[in-house]
Amino acid sequence: MCIVQDHKGYMWFGTNDGLNKYDGKKITVYKSDPLDSGTLSHSMIRTLCEDSDNNLWVGTRGVNLYDRAKDQFKRIQIDPANPGRVVYAIYDD
């Protein structure tokens, strides 16, 4: 569904069944786990964006911010009335 190369050279691939990170040798797959708040809010990835501060943002059913130090995600609440809203685009302004 989407691809981005981050400032470290990693390739990120958003799919209908998770987010894949390729480091040049191996692929790490990230998926949603409803019981683990450090995972993606949903596994259906629609958009990726690395901002000017090198933060990786993931659009799915909601928005997620990748924490590189912890290798996990922070779920960002954007619309409390509709938490399952699908995010199709994220841009750095």
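Q: In this predicted model, is Tyr66 buried or exposed, and what is its relative accessible area?
A: Buried means under 20% relative accessible area. Tyr66 is buried, and Phe73 is buried too. For Tyr66 the relative accessible area is 6%.

Q: How many aromatic pairs does the structure hold, and what kind do Tyr30 and Tyr66 form?
A: The structure holds 5 aromatic pairs. In the pair of Tyr30 and Tyr66, the centres are 5.9 Å apart and the planes stand at 65 degrees. Planes over 60 degrees apart count as edge-to-face. The pair of Tyr30 and Tyr66 is therefore edge-to-face.

Q: Which parts does the pair of Tyr30 and Tyr66 tie together?
A: The two residues are 36 apart in sequence.

Q: What kind of aromatic pair do Tyr66 and Phe73 form?
A: Their ring centres are 5.1 Å apart, with 45 degrees between the planes. Stacked needs under 30 degrees and edge-to-face over 60. The pair of Tyr66 and Phe73 is tilted.

Q: Where is Lys21, and which side chain of opposite charge is nearest?
A: Lys21 sits in strand β3 (residues 18-22). Lys21 is buried but has no salt bridge. A salt bridge needs a distance within 4 Å, and the nearest side chain of opposite charge is 4.3 Å away. That side chain belongs to Asp71.

Q: Which side chain makes a polar contact with the side chain of Lys21?
A: Lys21 lies over the face of Tyr10, 5.0 Å from the ring centre. The polar contact, at 3.5 Å, is with the side chain of Tyr30.

Terms used: Residues numbered from 1 in each chain as written. Predicted model: local features only at pLDDT ≥ 70, side-chain atom pairs only at ≥ 80, totals over all residues. Heavy atoms only, no water. Helix = DSSP H or I, 4+ residues; strand = E, 2+ residues; numbered from the N terminus. Buried < 20%, exposed > 50% of the residue type's maximum accessible area, 1.4 Å probe, protein only. Lys, Arg positive; Asp, Glu negative; His and termini not counted. Polar contact = N/O pair within 3.5 Å; in protein donor to acceptor, adjacent residues only side chain to side chain. Phe/Tyr/Trp six-rings, centres within 6.5 Å; stacked < 30°, edge-to-face > 60°. Lys NZ or Arg CZ within 6 Å of the ring centre and 35° of its normal.
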